Amino acid sequence: MIAFEHPHPHGALAPTAHLELPFFDDAHRALANGLVAWTREQRVDESDDRAACKEWVQRLGAAGWLRYCVPEAHGGALPELDSRALVILRETLAYHSPLADFAFAMQGLGSGAITLAGTPAQQARYLSAVATGEKIAAFALSEPEAGSDVAAMATQAVQTGSGWTLNGCKTWISNGDMADFYVVFAKTDPGAGARGISAFIVDAGTPGLDSSAHIQVMAPHPLATLTFTDCQIGADALVGTVSGGFKLAMRTLDIFRASVAAAALGMARRAFAEAVTHAKTRKMFGQTLGDFQLTQAKLGEMSALIDAAALLTYRAAWQRDCSATQGAGTPAYTAAAASAKLTATENAQRVIDMALQMFGGRGVQVGQTIEHLYRDIRSLRIYEGASEVQLLILGKNALK
């Protein structure tokens with residue numbers, strides 16, 4: 001599989017009206033236009049997902065796009081992480097290649113806890129290497145019996161005279177067996193629930209870490225199960241404070257949750273562009289598919305679903321950036337991010353499904369762009385907080 005070709009010269013992400021919305025400024029528009037031009041030149045063989053992800057990280061690093069994953073003090077492009085920049089980057093990359101988006105996103109998510117709470121030494125060691133693509137990052141939170149219920153994690157970190165000993169298992173870990181380091185969350189106080197979780201940096205190759213169990217999924221990308229058996233790490237591996245890991249994980253996920261919505265939005269825009277092109281060119285009963293009112297109605301529904309998702313996604317990113325700029329402490333944008341993630345991923349699933357139906361038999365042919373998007377979009381409704389979790393967040397917020 002080669003990274004998707006654009007369906008026509010301008011695509012749906014050439015300078016478009018959505019960049020003129022007041023959520024963005026001129027710097028964001030310049031970023032978007034530059035990235036669109038760059039993605040059009042990229043062709044990566046994605047038949048081997050692990051090799052392709054490594055190549056995407058190298059290309060994104062060499063072109064300077066990974067600099068948006070870390071702050072300026074450590075080789076980043078901006079003084080602080082900027083949610084609107086992350087949204088633009090992920091939407092554009094996902095439109096071109098969901099695997100490219102994945103490679104970019106994991107550099108940010110995998111290093112996010114270090115950006116937020118790492119020591120100066122940790123930040124100096126890892127963040128600049130993330131920005132250049134020299135090091136591949138990973139975020140290890142989920143476990144076989146602890147996905148949405150993070151407090152149920154069983155992996156433990158026991159303090160020793162020289163540091164910590166990790167024992168347990170993490171699964172569904174993106175970049176597993178490929179990352180250069182993992183930010184791992186483990187119980188340091190097993191009886192304290194979520195309040196007893198701490199975060200640690202574990203370098204690949206550390207004795208006691210086994211990352212060889214790969215997981216195959218319907219839309220291939222690198223996943224693995226991590227097993228820790230008396231894994232010894234130094235005292236300097238702790239990120240943030242002891243028992244501060246749960247809040248750190250949630251803060252990290254909050255920053256990137258709106259960007260998951262943006263990835264879904266990029267895939268939906270791509271499916272819509274493919275559908276429009278197909279409707280204009282597919283001949284049926286002496287006219288084009290687009291001449292039928294039923295087709296026009298479906299395209300109208302797809303357009304409305306995309307617009308609704310876009311507005312919620314951009315609002316969430318804007319709200320987070322404004323809160324950070326105003327020094328408001330922990331920003332109160334969790335509900336906005338949940339609304340964006342829920343709506344964008346669910347709407348994208350509907351849009352891609354409608355586009356596939358419009359293609360008929362070609363839509364389910366392996367190797368077709370629409371078929372690939374249909375598989376790619378499904379996991380976004382699950383990871384970084386399933387749709388049901390987002391509904392709970394919104395419901396609890398309504399009852400406050």
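Predicted model: local features only at pLDDT ≥ 70, side-chain atom pairs only at ≥ 80, totals over all residues.

Q: Which residues of helix 9 are buried?
A: Buried means under 20% relative accessible area. In helix 9 this holds for Thr369, Ile370, Glu371, His372, Leu373, Arg375, Asp376 and Ile377.

Q: What makes helix 9 count as largely enclosed by the rest of the structure?
A: Helix 9 spans residues 369-378, and eight of its 10 residues are buried, so the helix is largely enclosed. The cover over its buried residues includes helix 4 (98-117), helix 6 (245-281) and helix 8 (334-359).

Q: How many aromatic pairs does a search of the whole structure find?
A: The search finds eight aromatic pairs.

Q: Why is the pair of Phe24 and Tyr314 called edge-to-face?
A: Ring centres must lie within 6.5 Å to pair, and planes over 60 degrees apart count as edge-to-face. The centres of Phe24 and Tyr314 are 4.9 Å apart and the planes stand at 70°, so the pair is edge-to-face.

Q: Which parts of the chain does this pair link?
A: Phe24 is in the segment before helix 1 (26-39) and Tyr314 is in helix 7 (residues 293-325), 290 residues apart. Both Phe24 and Tyr314 are buried.

Q: Why does Phe285 count as exposed, and why does Phe292 count as partly exposed?
A: Phe285 has 75% relative accessibility, so Phe285 counts as exposed. Phe292 has 26%, so Phe292 counts as partly exposed. Phe285 and Phe292 also form an edge-to-face aromatic pair, at 6.5 Å centre to centre with 80° between the planes.

Terms used: Residues numbered from 1 in each chain as written. Heavy atoms only, no water. Buried < 20%, exposed > 50% of the residue type's maximum accessible area, 1.4 Å probe, protein only. Helix = DSSP H or I, 4+ residues; strand = E, 2+ residues; numbered from the N terminus. Contact = heavy atoms within 4.5 Å. Phe/Tyr/Trp six-rings, centres within 6.5 Å; stacked < 30°, edge-to-face > 60°.
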